[in-house]
Amino acid sequence: MPFISRDWRGPGEDWIKCQDGWEIRRMGVMDKGDEEIGVGEGVVKRRRTKTEGDAADKENIIIRLERHRSLPTLQPFCPIIIKCTREVAGFNSLADVLKRLDFRSAVHDIRRFQYVSAILKLLLTPEKLYQLAGASQKLIFRILEEMAGTVFAEHMNEHVLLKLLADLHATLDDRAVWGSHLGSETLMRGHKNARSRIACIAALEKRKSELELREKQDQDDDTMSMEELPEECVREILCRLSDYKDVDNAGRATPTMQFIVKEKRIWRELVQAHFTKNEIQFIITKRPELAERKSWRNLYLALRKHFGLRQQFTELLMLCKNCRVLFWESYGHPCLASSEQCSSPIPITPKTFLTFFSV
């Protein structure tokens with residue numbers, strides 16, 4: 001017999017359309033002006049907003065819940081399903097996890113920028129991008145827009161963004177079926193508009209930065225250049241570089257840098273930062289001429305060719321073993337276990353993060 005009223009077994013979920021796609025809305029006590037969701041004794045007030053594409057004169061307007069700006073920021077964390085069992089069955093939605101972990105705001109933090117860019121680099125390939133749902137694809141484009149505005153405004157990591165955009169254009173241009181793309185025409189039109197917006201942001205911000213730099217050079221003629229810095233300061237700057245290509249390019253800039261790059265200290269620190277003692281000993285045993293020449297640069301290149309570089313991130317996503325929750329290391333999460341029983345969380349690399357979604 002069919003249910004005439006609402007099914008009492010239902011979880012109370014309602015799918016609504018928002019700016020990033022479709023999301024689940026859980027309703028509590030509703031008022032006309034504000035919506036209040038009661039959780040225990042505390043009540044969180046929410047404001048009502050119209051969804052995208054709704055007319056202003058509709059009587060029954062579908063509403064979306066948004067936190068008011070005056071309310072404190074929610075702690076970003078997301079429970080996930082690691083393994084399906086008889087008791088727990090389900091799947092993880094990539095778009096939902098990216099939203100709940102607030103990846104769009106993470107690109108503004110220099111500590112999380114490299115982690116987010118590493119995940120985007122893995123996703124912006126023809127084998128991965130076209131396997132994602134439409135909501136996940138649109139969210140990736142929105143993250144790229146946020147990244148473009150942040151990169152050109154702060155003048156940092158521009159080469160990372162340009163590499164991601166090159167991968168994106170190559171993926172979208174090469175993947176064609178009978179002269180057109182495989183998938184929804186509306187989705188591809190949205191991707192095209194997003195690419196245009198990102199290109200406009202890049203062009204405007206680059207032009208703005210060039211004008212600001214020109215004005216700064218005209219006003220400040222007494223600024224100190226890199227060549228005027230003491231040799232000790234230049235050496236400390238070069239020791240902070242983590243990529244050997246940057247070290248080689250810096251050595252071609254000035255005679256002082258060229259002299260410092262030839263020193264052993266910089267290459268020794270690069271070797272010690274990326275490789276373990278066992279890996280170094282393995283290469284030296286295999287190629288004893290490297291130890292005889294005592295060239296740290298050649299040793300670094302040999303180690304890099306054999307083992308590859310170790311990915312280094314300032315901040316990682318962590319997985320709590322007790323409550324199966326992903327969270328940012330600096331933010332933490334409300335763990336269900338007590339402080340005594342709570343075990344140390346597991347760091348999650350970008351490749352491991354994508355395995356939760358069968359990507």
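By pocket I mean, on a 1 Å grid over the protein atoms alone, an open set of points with protein on both sides within 12 Å along at least five of seven lines, and lining residues have an atom within 4 Å of a point.

Quick housekeeping. This is a predicted model, so local features need pLDDT of at least 70 and side-chain atom pairs count only at pLDDT 80 or more, while totals for chains, interfaces and linings use all residues. Residues are numbered from 1 along each chain as its sequence is written, and side-chain values use heavy atoms, with hydrogens and water left out.

Four helices each give at least two lining residues: H3, H6 (158-174), H9 (244-251) and H15 (350-355). Helices here are DSSP runs of H or I, at least four residues, and strands are runs of E, at least two, numbered from the N terminus. H3 has the largest share, with five residues. By class, the lining splits into nine nonpolar, ten polar and eight charged. Nonpolar covers Ala, Val, Leu, Ile, Met, Phe, Trp, Tyr, Cys and Pro; charged is Asp, Glu, Lys and Arg; the others, Gly among them, are polar.

Around it sit Leu98, Phe103, Val116, Ile119, Leu120, Leu123, Ile140 and Ile143, so by our classes that's eight nonpolar, no polar and no charged. H3 gives the most, four residues, and H5 (134-154) also supplies at least two.

How far do we trust this? On pLDDT, the predictor's confidence in each residue from 0 to 100, the protein chain averages 75, with 72% of the residues at 70 or above. H3 (residues 110-123) comes out highest at a mean of 92, and strand S5 (residues 42-50) lowest at 40. Residues 28-72 stay under 50, yet the model gives them 69 contacts beyond four places in sequence, a contact being heavy atoms within 4.5 Å. Residues 1-8 are under 50 too, with two such contacts.

Now, helix packing. The axes of H9 and H11 (residues 264-274) come within 11 Å and cross at roughly 170°. Axes are lines fitted to C-alpha atoms, for helices over the stretch in contact, and angles run from 0 to 180 degrees between N-to-C directions. That pair is therefore roughly antiparallel, the label for angles over 145 degrees. Tyr244, Val247 and Asp248 of H9 meet Ile266, Trp267 and Leu270 of H11: five nonpolar, no polar, one charged.

Last pair: H12 (residues 277-286) and H14 (residues 296-307), axes 10 Å apart, at about 105°. That makes them roughly perpendicular, which takes 65 to 115 degrees. Among the contacting residues are Phe282 and Ile283 of H12 and Leu303 and Phe307 of H14.

Definitions and conventions
1 Å grid on protein atoms, 1.4 Å probe; cavity = no way out; pocket = protein on both sides within 12 Å on 5 of 7 lines; lining within 4 Å. Parallel < 35°, antiparallel > 145°, perpendicular 65-115°, else oblique.
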